[in-house]
Amino acid sequence: MTEEIRWGVVGPGRIAEKVVQDFRHVEGARAVAVASRSLDRARDFADRHGLERAHGSYAGILADPEVDVLYVATPHPQHCEIALGAVEAGKALLVEKAFTATVAGAQEVVDAARETGVFVMEAMWTRFQPAVVRLRELIAEGAIGEVRSVQADLGVQREFDPTDRLFSRELGGGALLDLGVYVVSFAQMVLGDPDTVAAAGSVFETGVDAEASLLLSYADGRTATLTASLRNALPGQARVFGTAGWIDVLPRFHHPQTIVLHRADADPQPITLAQRGGGYSHELAEVTGCVRAGRGESAVMPLADTLAVQRVLEDAAGQLGVTFAEDRAVL
């Protein structure tokens with residue numbers, strides 16, 4: 001492998017537009033190619049972002065020998081097949097959240113990655129934000145005692161549009177896969193895998209969830225109360241409660257600048273840690289470093305955590321009567 005890690009972008013949509021701009025902040029990494037099922041769209045993206053090559057098919061970038069890592073930002077149901085093709089081609093992966101549309105699809109990708117030793121990571125940028133890294137350090141140091149519960153919410157008000165990806169069951173729409181993945185992953189990061197999941201919410205006429213409130217419960221009495229919504233805007237705040245205090249993660253918690261440590265008999269202590277670039281550089285650096293070191297997965301965002309989060313999301317969706325399927329015809 002070359003000293004420089006060469007990246008390809010699969011799916012030049014809204015999120016990829018932001019992520020690709022952060023490569024300038026990542027040492028030893030460079031975006032060199034993009035793939036779309038529309039060659040014109042790929043060429044436009046490549047021209048605007050200074051990429052060397054544009055592919056008019058996903059298969060094209062899988063076969064590109066000048067690409068080491070693929071960043072996958074297509075709709076959720078397409079992730080599984082693209083990821084399996086990439087692993088087979090020996091290309092490392094950063095796969096946007098939600099990782100896949102189903103637990104079965106996620107398990108397939110994880111099994112393939114572990115069998116081949118190809119690096120795969122979910123693009124949960126939250127875990128790599130400097131303020132969240134500090135949050136985890138404070139918890140590990142016992143700053144708030146034993147953690148007993150987590151609260152988190154994330155919601156946006158979107159006008160219902162059956163033609164929009166967010167409202168399409170075939171494209172993996174709905175609040176849970178788009179926004180719920182953040183609140184669930186945050187709770188799982190702090191508390192581990194829950195023993196039970198209880199969900200309540202509502203569903204759009206297209207068959208995807210409009211809003212969901214989740215109660216994650218643990219055998220020892222710990223809990224997480226989580227909310228995700230496409231019906232109404234929410235603050236985007238998270239709180240971690242311990243026996244000796246709590247930590248506020250100020251909005252929006254999935255890419256925060258500031259956390260506030262609260263302890264008994266002490267003034268609140270704000271801690272502000274800015275991101276590099278748009279905040280995506282930290283996960284890009286993690287993948288680049290892991291690939292260079294020959295690791296199969298990240299210690300910060302391990303595949304077991306991704307599987308645990310997918311299980312919670314699928315359990316919650318099922319309780320609302322919502323099901324998804326992987327797109328097996330994407331390649």
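I take buried to mean under 20% relative accessible area, exposed over 50%, and partly exposed in between, with a 1.4 Å probe and protein chains only. The model is predicted, and I keep to its limits: local features need pLDDT of at least 70, side-chain atom pairs count only at pLDDT 80 or more, and totals for chains, interfaces and linings use all residues. I number residues from 1 along each chain as its sequence is written, and side-chain values use heavy atoms, with hydrogens and water left out.

**Aromatic rings**

I began with the ring pairs. Rings of Phe, Tyr and Trp (its six-membered ring) pair if their centres lie within 6.5 Å; planes under 30 degrees apart are stacked, over 60 edge-to-face, and the rest tilted. I find six aromatic pairs in the structure. In one of them, Phe 160 and Phe 167, the ring centres are 5.2 Å apart and the planes stand at 75°, so I log the pair as edge-to-face. Phe 160 is partly exposed at 27% relative accessibility, whereas Phe 167 is buried at 1%. Ring pairs also bring in Phe 204, giving a cluster of Phe 160, Phe 167 and Phe 204.

I then looked up Phe 186 and Phe 253, which form an edge-to-face pair with 5.4 Å between centres and 75° between planes. Phe 186 lies in helix α7 (residues 175–191) and Phe 253 in the loop between β12 (245–249) and β13 (258–263), so the pair ties together parts 67 residues apart in sequence. For these elements, helices (H or I, at least four residues) and strands (E, at least two) are DSSP runs, numbered from the N terminus. Phe 186 is buried at 2% relative accessibility, and Phe 253 is buried at 0%.

**Salt bridges**

My criterion is a side-chain nitrogen of Lys or Arg within 4 Å of a carboxyl oxygen of Asp or Glu. The structure holds 21 salt bridges. Arg 6 pairs with Glu 66, with 3.0 Å between the closest N and O atoms. Arg 6 is in strand β1 (residues 5–10) and Glu 66 in the loop between α3 (58–62) and β4 (69–72), so I note a link between distant parts of the chain, 60 residues apart. Arg 6 is buried at 14%, while Glu 66 is partly exposed at 38%.

Asp 248 and Arg 239 meet at 2.5 Å, N to O. Asp 248 is buried at 7%; Arg 239 is partly exposed at 31%. Elsewhere, bridges with shared partners join Glu 4, Arg 30, Glu 52, Arg 53 and Asp 64 into one network.

**Thr 100**

Thr 100 sits in the loop between β5 (92–95) and α5 (103–116). I list Thr 100 as buried, at 1% relative accessible area. Contact here means heavy atoms within 4.5 Å. Beyond four places in sequence, the residues touched by Thr 100 include His 76, His 79, Cys 80 and Glu 326. Gln 310 is also touched; 210 residues separate it from Thr 100 in sequence, and the C-alpha atoms are 7.8 Å apart.

**Gln 275**

Gln 275 is in the loop between β14 (269–272) and α8 (281–293). Its relative accessibility of 15% counts as buried. Leaving aside neighbours within four places, I find contacts with Gln 129, Pro 130, His 255, Pro 256, Gln 257 and His 282.
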